[in-house]
Amino acid sequence: MSIMSYTGGTVVAMAGDECVCIASDLRIGEQMTTIATDQKKVHKVTDKVYVGLAGFQSDARTVLEKIMFRKNLYELRENRNIKPQVLSEMISNLAYQHRFGSYFTEPLVAGLDDTNKPYICCMDTIGCVSAPRDFVAVGTGQEYLLGVCENFWRENMKPDELFEATAQSILSCLERDAASGWGAVVYTITKDKVNVSTIKARMD
Amino acid sequence: MNAHDEVQRTLNPTCTGTSVIALQYKTGVVVLTDRVVSYGKMARYKNVSRQYKVNDNVLIAFGGDHADFHWLQNVIERQVLLWKRFDQDIGPKALHGYLTSLLYAKRCKMNPVWNTLVVAGVEEEEKNNKETSTPFIGVITQKGCAYQVKHIATGLGAFLLNQAVEDEWRKKGEDLSREEAEAVLRKSLELTLYHDCVADNEFEIGRVDATEGVVLGKEEKIIGDWSIAETNCQYE
Amino acid sequence: MTSFTGITAVANATNEMAMFKQAMKEVAAHPEWMSSRQIERQRWNPYSMEGGSTCAISGENFAIVASDTRMTQNDINILTRDAEKIQILNDNIILTTSGFYGDVLQLKKVLQSRLHKYRFDYRSDMSVDLCAELLSRNLYYRRFFPYYTGAILAGIDEHGKGAVFSYDPIGCIERLGYSASGAAEPMIIPFLDCQIGHVTLSEGYERPELTLDRAISLMKDSFRGAAEREISTGDKIHLVIAEAGKPVVVKFLPLRED
């Protein structure tokens, strides 16, 4: 079993009209054994920028610390909130600095920039960024998610539609991916608020 | 199976032929092969035909190990004679099916026939009625994976030429004339020549036509345009 | 008498030669300077994957089967754009397979001849349940040199209901409402789970029965989605519709060709 699927976990993000949705499952395992059922893989960076870290969770934690450190430094020096584009570039740099001994985690950034334009991106373990306009998924359930998202995503979805699409996608994914599960948490980021919903899924 | 048997099998090809290119036209099929058999990257045997006339309706061209193809020629000849005993001429579809089973069976014995075969021919729906005959190209890989196509390039040509040949095919489709089809093949040989280091500029175009039957090609030669070669310095 | 040693000398020489040859063969078969992993890597692999995906959905009185028609080599090179992965075995049995195409052809041939024999013996067509069991046995027969195929058998059973049987390469069999196999299986299955299995719907909600029209449009959607993301799936959808008491309908629908 690859180290990337040792702890399991899936993160997905979708872009809509002036809103983005980012969701993850809640399971952490040691291969086939579930050891925690309340671990969000999505973390708040600023009010409108969230980062998701799938893959090996020990590394994900370390990377998160490093991301927060760099982001804090950036905000102190620049005295303004970080944009998602800048954050993704920063994480990409961080990941590539460890090119020949990489962190086994695939980061995903979702957020709204200062004009409230949605931005989503995912990268591989060494920081190769892919920022499509529709949706991104990383983690053990990536393939399952991409298939469903391909059918659910529409252009310019409003926050409630976007939430529905993201939630349905991740729920369908959790149905088939044994390494993720125990419910999902969905963050819907709009220009004036962030809606957090925890959804019950297959609890196994 | 003895543990030592694998030494005596074609698990590595020795003397090989490269691409085969075949294309259907209105009333038949044209097949192009170059006339070299290589030993690794060396052009070991020149002036060797890689096409085999089975009977008036079927022509087989091969890529891959030459020794295995010689063996296959023998097998095919026997099969043709077997059909003759029942006063039948083997058609391309039947031969394609037979060779598929043969190659698949050999694969299952872990003793593959190291060839990609292109069975080209004209399938006679009714005996001696050329009006109803249809052109046929069937491909078989060494693992027994078989399919029918309208146009094909095997070997390195599969990477280099399939799309080029397909584009030409799509322009005209079934209405392609023989001359046009041959022109496409000549052009595509030129392309393999530039990119495939074991392809040769001496080639032959065989054809199977509904009225003329199998016509084996004569040896031809192209030089191509090498003026661009001077500017290609690989930047290494 | 003791001085004559000619024959033993020759015998010794032949014996030595035989032993030498044996040793040569052994070392050629298992070279000591190569690790077992190296030998394994150099071994000829009898399998290859030709990509593509297939899917089947069953309903109350129908079963539909679809596959793409692309055949690839090494997942990058398109061998042909109209390969056949669906076989209509008789009026109510449809077999669809993906994986190693040589095995796909062989499996088709084996089943066809078995069905032919059945027709000859019993003077009627085999039912889909029987054929499903037959296929399972045939797959398991090659347990230690498996057919490298994900097979799905669909059709109309004896009671006029739609049936889909899904297999793994060595003949594990399950009757399902819908199934997919091949390269895009993980992309198609969760979508059908959501839309047909209603797994994301809370308990107590009404679950409408699947109609033929809806099944067909779901099939199209899932293949379009798969062709978008999966490189060895594309070119055309080969759609086969079997309805109880009606002849089998075959359709070809375009998919993206890149």
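Residues are numbered from 1 along each chain as its sequence is written, and chains are lettered from A and ligands numbered from 1 in the order in which they are written. Because the model is predicted, local features need pLDDT of at least 70 and side-chain atom pairs count only at pLDDT 80 or more, whereas totals for chains, interfaces and linings use all residues.

Chain A contains 4 helices and 12 strands; helices (H or I, at least four residues) and strands (E, at least two) are DSSP runs, numbered from the N terminus. The C-alpha trace of chain A spans about 45 × 40 × 25 Å along its principal axes. Of the 204 residues in chain A, 52% are buried. A residue is buried if 20 or more other C-beta atoms lie within 10 Å of its own, exposed if 12 or fewer, and partly exposed in between, with C-beta atoms placed from the backbone. Among contacts in chain A with a separation of 6 or more, 64% are between residues 24 or more positions apart; two residues are in contact if their C-beta atoms, placed from the backbone, lie within 7 Å.

Chain C has 6 helices and 12 strands. Its radius of gyration is 26 Å, but a compact globule of 258 residues would have one near 18 Å. The C-alpha trace of chain C spans about 105 × 45 × 40 Å along its principal axes. Chain C is divided into domain 1 (6-42) and domain 2 (53-254), with bounds that come from an automatic or database domain assignment. The C-alpha centres of these two domains of chain C lie 51 Å apart. Buried residues account for 41% of the 258 residues in chain C. Of the contacts in chain C between residues at least 6 apart in sequence, 64% join residues at least 24 apart.

There are 2 pairs of chains in contact, and chains A and C share the most contacts. This pairing involves 13 residues of chain A and 17 residues of chain C. On the side of chain A that touches chain C, α3 (142-152) and α4 (159-176) each supply at least two residues, and α3(A) gives the most, with 7 residues. By class, this side of chain A has 5 nonpolar, 4 polar and 4 charged residues. Ala, Val, Leu, Ile, Met, Phe, Trp, Tyr, Cys and Pro count as nonpolar, Asp, Glu, Lys and Arg as charged, and the others, Gly among them, as polar.

Chains A and B are joined by no contact, and their closest C-alpha atoms lie 25 Å apart.

Helix α1(A) (residues 57-78) has 22 residues and reaches 31 Å from its first C-alpha to its last, close to the 32 Å expected at 1.5 Å a residue; the expected span is 1.5 Å times one less than the number of residues. Its buried residues are A:Q57, A:A60, A:V63, A:I67 and A:K71. Seen down the axis of α1(A), these buried residues fall within an arc of 100°, so they line one face of the helix. The arc is that of the directions from the helix axis to the C-beta atoms. An α-helix has 3.6 residues a turn, so residues three or four places apart point the same way. The cover over the buried residues of α1(A) includes β3 (28-30), β6 (49-55), α2 (84-97) and β7 (105-112) of chain A. On the other side of α1(A), the exposed residues are A:E65, A:F69, A:N72, A:L73, A:L76 and A:R77. A:N79, with a positive phi near 55°, follows α1(A).

Helix α3(C) has 22 residues and reaches 31 Å from its first C-alpha to its last, close to the 32 Å expected at 1.5 Å a residue. Buried residues in α3(C) include C:Y101, C:L107 and C:L111. C:R123 follows α3(C) and has a positive phi, near 55°.

A:Q31 is not a glycine, although its phi is positive at about 55°. A:Q31 lies in the loop between β3 and β4 (33-36) of chain A and is exposed, with 10 other C-beta atoms within 10 Å. In chain B, B:M110 is a residue other than glycine with a positive phi near 55°. B:M110 is found in the loop between α2 (92-108) and β8 (115-123) of chain B and is partly exposed, with 15 other C-beta atoms within 10 Å.

Note on methods:
The radius of gyration is taken over C-alpha atoms; the globule rule is 2.2 Å times the number of residues to the power 0.38.
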